[in-house]
Amino acid sequence: MALTLYVGSKRYSSWSLRPYLALAHTGAAFETTTILFEQPDTKQQIAKVSPAKRVPVLHDGDLVIWDSLAICEYVNELYPAANLWPADRAQRARARSMSAEMHSSFVELRTQMPMDLHSDKAGEGHTAEALADAHRVMAIWREQLAASKGPFLFGAFSIADAMFAPVTTRFTTYGVDLDATCRAYVDAMHALPAFVAWKRDAAAEPATRS
Ligand SMILES: N[C@@H](CCC(=O)N[C@@H](CS)C(=O)NCC(=O)O)C(=O)O
């Protein structure tokens, strides 16, 4: 098989979840290889497949694509019929803006509320800075969902949703308050068959972080 997506522990690897959802959305055949975190050879295993020494990384034959957003862009070019970006240019520009903001911002949210799919850490990590990040994320969602009417940010699933998927899990794990609009969005994300499959696989992995 030509396409292999190398991912980190599904329980913890927020960056890995994004291209997995984008690839799954295309319906294309691909293989997923998991490199578990916190193992004695984790760094060596990642370095073997990723020039950036980070996961996710996609191998398409000899071509190596690293970084979650770059992989999503490549997948969009491989499978244009999957409409991973909105068709309308202005909407596409908005989707790219929010994807880029998600990719480069919200450091406190990431730091205080790291992804952990199978833990209940309600109330942990609720620093003022992390909550300010969370409120900015939810403001983006609310504005976009009001315009599109959902269930995803631009109606149908797009790369923008893939980029925010890990945050939806952080809000659940850490018990961040959600209004009805954001709750419906999180529920739609968590009902995606690909998300359900990822979470099921994550449950079978060892818990290596407290
Ligand atoms: N900007 C990168 C970040 C990738 C990244 O930081 N991956 C982490 C795991 S989620 C990693 O590979 N850590 C392994 C290590 O640091 O050894 C992307 O979007 O793909």
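How do the residues of the shell around the ligand divide into nonpolar, polar and charged? The legends below start with that view of this predicted model.

**View 1. The shell around the ligand.** Here you can find 4 nonpolar, 5 polar and 3 charged residues. The ligand is surrounded by twelve named neighbours, among them Gly8, Trp15, Lys43, Arg54 and Asp67. Helices α1 (14-26) and α2 (42-49) each supply at least two residues of this shell. The largest share, 3 residues, comes from α1.

**View 2. Helix α1 against helix α7.** Two packed helices are described by the angle between their axes and the distance between the axes. For α1 and α7 (residues 159-173), the angle is about 150° and the axes are 8 Å apart. Angles over 145 degrees count as roughly antiparallel, so α1 is roughly antiparallel to α7. Their crossing is right-handed. Look for Leu17 and Leu21 of α1, which take part in the contact along with residues of α7 including Ile159 and Met163.

**View 3. The open sheet.** Follow the 4 strands in the order β2-β1-β3-β4, with mixed pairing. At the edges are β2 (31-35) and β4 (63-66), each pairing on one side only. From one strand to the next, the twist averages 20°. Strands β1 (residues 3-8) and β2 pair in the parallel sense over 5 bridges, and Leu5 stands opposite Thr32 in β2.

**View 4. Helices on the sheet.** Helix α1 packs on the sheet and touches β1, β2 and β3 (57-60). Its direction makes about 150° with that of β1. Helix α3 (residues 68-78) lies across β3 and β4, running at about 130° to β4.

Note on methods. Residues numbered from 1 in each chain as written. Predicted model: local features only at pLDDT ≥ 70, side-chain atom pairs only at ≥ 80, totals over all residues. Near = placed C-beta within 6 Å. Nonpolar A, V, L, I, M, F, W, Y, C, P; charged D, E, K, R; others polar. Axes fitted to C-alpha atoms, helices over the stretch in contact; angles between N-to-C directions. Parallel < 35°, antiparallel > 145°, perpendicular 65-115°, else oblique. Left-handed = near helix turned anticlockwise from the far one by under 90°. Contact = placed C-beta atoms within 7 Å. Pairing = 2+ DSSP bridges.
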